[in-house]
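Trainee: Could you walk me through reading this model, one feature at a time? I'd like the general idea and then the case at hand.

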Amino acid sequence: VAPVPATQTDTFVHRVFGLRFSQQTQCPACNTVSSSLLYSTFLYYIPAAAIAANCEDRPFGALLREVCQTDRKCCENDKCTVEDLPLETQAIALPEVLALGVVWPGTRVSQADQLQFLANLRPTFEVRDLFQGAPEGQQASLTGIVLYYASHYLTVCWNADIQEWVFFDDGQVRSLGKEWLEVWMHLAKGHLQPFLLFYELLPESTGSTDADVDDTDDCQLVEPNPIGLEGSNPTLQGILGWLRQGVSEPLEHKRPRDEDLDEEFDLKLTQLEEIFSQAGYTFGQLRGVLLRCHGDVERASAQLLEGRYLLDMDEEAALPPLAQQER
């Protein structure tokens, strides 16, 4: 995000995703207020590693503010010696949908780091906890997630018409259920990294936020709101323990990850994707044949070239060989 002139924009994209905010410092010693830096962006980046490192129960918006707004400046008064002043972020124009870009330290992260991040993630937060100047009580409600796994992108969206979370993986579309906890566990078991988070900014509070925390260790929901957030949340450590226990159990649906694959398999799968990037095979097909060949890239490539690939683990169907596709 770079400083830009304050200009009026009225396009659809700006109205839906455009975020404008300012940053300035105020010295507690001499009361000098610095000149404002104006910013405009469609994507507000958040650091996954810093969020995963959090081990305390706190509102998600306050956590985002702490890990995102870390810049410091010296007092602009030449006669003042105060240094390390925090930059205060003030919202100028909030979008209808706040898009958060999750910055991971790499394309493959450990399961421990992924679970720690998921345990901190919340489907709602108070906007004012992140941005000063936001309306009192305004809530941000999670409605969509873009996910990443082994060079493959998937999506989870909240469908307001059927009141359910829906999972999209290439041509496969299925419901994950009405509760946020079902999404939580699916991401954990699939080792899926959230890449983009889309929060709809609601005009007023629609229920309890993640600031309401009790000491229960279970994740049972009572009186869920439309996106499946419980009235009183379990603790961070309770959620983390629940996720750790859940990942030891197999996924009901095998895609996109039906067993605990190590980094070596991920590398081989990426290699196979690069080889057959123009052949029209889906991620699931490439992954399936590599599993059948026990991670042998050379053998998997030969089967794909010969067209001897089974589309589904339980249903046999031949694909035309690559050589015939090229004719």
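**Reading the model**

Mentor: Let's start with Q163, which is partly exposed, with a relative accessible area of 32%. Buried means under 20% relative accessible area, exposed over 50%, and partly exposed in between, with a 1.4 Å probe and protein chains only. Q163 is in the loop between β10 (152-159) and β11 (164-169), and has a positive phi of about 55° although it is not a glycine.

Trainee: Before we go on, what are the ground rules?

Mentor: This is a predicted model, so local features need pLDDT of at least 70 and side-chain atom pairs count only at pLDDT 80 or more, while totals for chains, interfaces and linings use all residues. Residues are numbered from 1 along each chain as its sequence is written, and side-chain values use heavy atoms, with hydrogens and water left out.

Trainee: What is the mean pLDDT of the protein chain?

Mentor: pLDDT is the predictor's confidence in each residue, from 0 to 100. Here the chain's mean is 77, and 77% of its residues reach 70 or more. Over residues 205-231 the pLDDT is below 50, though the model gives this stretch 62 contacts beyond near neighbours in sequence. Residues 2-6 also stay under 50, with 10 contacts beyond four places in sequence. A contact means heavy atoms within 4.5 Å. Where pLDDT is low, the predicted coordinates should not be read in detail.

Trainee: How many helices and strands are there in the protein chain?

Mentor: Helices (H or I, at least four residues) and strands (E, at least two) are DSSP runs, numbered from the N terminus. This chain has 11 helices and 13 strands. Of its 327 residues, 46% are buried. Take the contacts between residues at least 6 apart in sequence: 64% of them join residues at least 24 apart.

Trainee: Let's look at a helix pair. How do the axes of α4 and α6 cross?

Mentor: Two packed helices are described by the angle between their axes and the distance between the axes. The axes of α4 (residues 111-120) and α6 (residues 180-190) come within 10 Å and cross at roughly 170°. Those axes are lines fitted to C-alpha atoms, for helices over the stretch in contact, with angles from 0 to 180 degrees between N-to-C directions. Over 145 degrees counts as roughly antiparallel, under 35 as roughly parallel, 65 to 115 as roughly perpendicular and the rest as oblique. So α4 and α6 are roughly antiparallel to each other.

Trainee: Which residues in α4 and α6 meet?

Mentor: From α4 come Q114, L115, L118 and A119, and they meet W184, L187 and A188 of α6. The residues of this contact divide into 6 nonpolar, 1 polar and no charged.

Trainee: What about α9?

Mentor: Helix α9 (residues 283-292) has 9 of its 10 residues buried, so it is largely enclosed by the rest of the structure. Among the buried ones are F283, Q285 and R287. After α9 comes H294, whose phi is positive, near 55°.

Trainee: Which loop holds D84, and is D84 buried or exposed?

Mentor: D84 is in the loop between β4 (72-73) and β5 (85-86), and is exposed, with a relative accessible area of 53%. D84 has a positive phi of about 60° without being a glycine. Now compare L87, in the loop between β5 and β6 (88-93): L87 is buried at 10%. Leaving out residues up to four places away, L87 touches Q23, Q24, T25, D71 and K73. From L87 to R72, C-alpha to C-alpha, is 5.8 Å, with the two 15 residues apart in sequence.

Trainee: Where is S22, then?

Mentor: S22 belongs to strand β1 (residues 19-24) and is buried, with a relative accessible area of 9%. Beyond four places in sequence, S22 is in contact with residues including S36, L38, T89 and I92.

Key: Ala, Val, Leu, Ile, Met, Phe, Trp, Tyr, Cys and Pro count as nonpolar, Asp, Glu, Lys and Arg as charged, and the others, Gly among them, as polar.
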